[in-house]
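Dear colleague,

My notes on what was found in it follow directly after.

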Amino acid sequence: MPVMHAAAIEDFLDDVFPQRMGTIEAVGEGWATMGLAIEDEHLRPGGSISGPAMMALADVCLYVAILGEIGPEPMAVTSDLNIHFLRRARGDRDLMATARIRKLGRRLAVGEVELFSHGDTDPVAIVTATYALPERDD
């Protein structure tokens, strides 16, 4: 069962990370989903969603999944992120992300994130990332 749910995580992020991208859709045991309403600032020439916008949503989505498991921790930070762009991310649709934690250890969390154009079933990108976690009392 998650330690934090979507509303509590949104409130926490409003305090410690207000510049984040995206909106939390759901948080479950070891996973999270988020959406990003696409604006002109997220687009690259040609009308596709930019790589930095996709990376930012993926990074925050995994952070949300981790917060759901460990609770409010502002100092959990990305230590590695790899993205594979698979196809064009449509600029006329919102961007959706689903993160899954693959390993949650004492000092590191490893996860995967799939990014989709809203309504499509094939991912536009796949991300693997690692978060460094501060020492915890558990």
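In this predicted model, strands S4 (residues 95-104) and S5 (residues 108-117) are paired in the antiparallel sense, with nine bridges between them. Lysine 103 has valine 110 of S5 as its bridge partner, and the hairpin that leads from S4 to S5 has three residues. On S5 there is a further antiparallel pairing, with strand S6 (residues 125-132), over eight bridges. Here the bridge partner of glycine 111 is alanine 129 in S6.

S4 also pairs with strand S2: six bridges join the two, which run antiparallel, and methionine 34 stands opposite alanine 97 of S4. S2 is in turn joined to strand S1 (residues 23-28) by five bridges, again in the antiparallel sense. In that pairing valine 27 stands opposite alanine 32 of S2. The hairpin of S1 and S2 has two residues between the strands, and glycine 30 takes a positive phi near 80 degrees there. As for the setting of S2 (residues 31-36), five of its six residues are buried, so the strand is largely enclosed by the rest of the structure.

Turning to the helices, the axes of H1 (residues 6-16) and H2 (residues 51-70) come within 10 Å and cross at roughly 115 degrees. The crossing is right-handed. H1 contributes Ile9, Phe12 and Leu13 to the contact, while H2 contributes Tyr63, Val64, Leu67 and Gly68. By class, six residues of this contact are nonpolar, one is polar and none is charged.

Which residues touch the most other members of the largest nonpolar core? They are Val64, Leu95 and Leu115, in a core of 40 residues. H1, S1, S2, H2, S4, S5 and S6 are the elements that give two or more residues to this core. Its largest share comes from H2, with 13 residues.

Valine 64 deserves a separate note. Apart from its neighbours within four places in sequence, valine 64 is in contact with Ile9, Leu13, Ile24, Val27, Ala32 and Met34.

With kind regards

Notes: Residues numbered from 1 in each chain as written. Predicted model: local features only at pLDDT ≥ 70, side-chain atom pairs only at ≥ 80, totals over all residues. Heavy atoms only, no water. Pairing = 2+ DSSP bridges. Helix = DSSP H or I, 4+ residues; strand = E, 2+ residues; numbered from the N terminus. Axes fitted to C-alpha atoms, helices over the stretch in contact; angles between N-to-C directions. Left-handed = near helix turned anticlockwise from the far one by under 90°. Contact = heavy atoms within 4.5 Å. Nonpolar A, V, L, I, M, F, W, Y, C, P; charged D, E, K, R; others polar. Buried < 20%, exposed > 50% of the residue type's maximum accessible area, 1.4 Å probe, protein only. Core = buried A, V, L, I, M, F, W, Y, C linked by side-chain atoms within 4.5 Å.
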